[in-house]
Amino acid sequence: MLQVTMAIAREVASVTRLGIEVAIVVGGGNIFRGASRAGCSGLDRSSADYIGYGALCLMHFHLLSLY
C-alpha cells in the first residue's frame, strides 16, 4: 500500500510542478465497501453506497467553500 501511495504522490508532484492545480477526493463509502471488510460492517451494499455518496458530496461542498 505504501508503494502505491508513493507512486501516486510522485505523479501528483510531477503534475503540480507543471503549474496544474490538483484535487484528490476520496469517497467515504470505500471505508464500508473495502474487500477486506466485506460483510464486517453490518451494512448492505446499497447503504454503504449512500454513505459514500453523502461523504463525497460533503467533501465536494467543503472544497467549493475554500475557493
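Biologist: Where is Ile 8 found in this model?

Modeller: Ile 8 sits in helix H1, which spans residues 2-16. Bear in mind that the model is predicted.

Biologist: Is Ile 8 buried, partly exposed or exposed?

Modeller: Buried means under 20% relative accessible area, and exposed means over 50%. Ile 8 has a relative accessible area of 45%, so Ile 8 is partly exposed.

Biologist: Which residues form the nonpolar patch on the surface?

Modeller: A residue needs over 30% relative accessible area to join a patch. Here the members are Val 4, Ile 8, Leu 18, Ile 20, Val 22 and Ile 24.

Biologist: Take Val 22. Where does Val 22 lie?

Modeller: Val 22 is in the loop between H1 and H2. Its relative accessible area is 39%, so Val 22 is partly exposed.

Biologist: What is Val 22 in contact with, leaving aside neighbours within four places in sequence?

Modeller: Val 22 touches Val 12, Val 15 and Thr 16. For Val 12, 10 residues away along the chain, the C-alpha separation from Val 22 is 7.2 Å.

Biologist: Now the whole chain. How many helices and strands does the secondary structure have?

Modeller: Three helices and zero strands. Along the sequence the pattern reads α-α-α.

Biologist: What share of the residues counts as buried?

Modeller: Of 67 residues, 6% count as buried. The chain's accessible surface is about 5700 Å², and carbon and sulfur atoms account for 65% of that surface.

Biologist: Where is confidence lowest, and where highest?

Modeller: Where pLDDT is low, predicted coordinates should not be read in detail. Helix H2, residues 29-33, has the lowest mean, 58. H1 has the highest, 89. The chain averages 76, with 69% of residues scoring at least 70.

Definitions and conventions
Residues numbered from 1 in each chain as written. Predicted model: local features only at pLDDT ≥ 70, side-chain atom pairs only at ≥ 80, totals over all residues. Heavy atoms only, no water. Patch = residues over 30% accessible without salt bridge, like charges linked within 9 Å, V, L, I, M, F, W, Y side chains within 5 Å. Areas by Shrake-Rupley, 256 points an atom, 1.4 Å probe, with all protein chains shown as cover. Salt bridge = Lys/Arg side-chain N within 4 Å of Asp/Glu carboxyl O. Helix = DSSP H or I, 4+ residues; strand = E, 2+ residues; numbered from the N terminus. Buried < 20%, exposed > 50% of the residue type's maximum accessible area, 1.4 Å probe, protein only. pLDDT = per-residue confidence, 0-100. Contact = heavy atoms within 4.5 Å.
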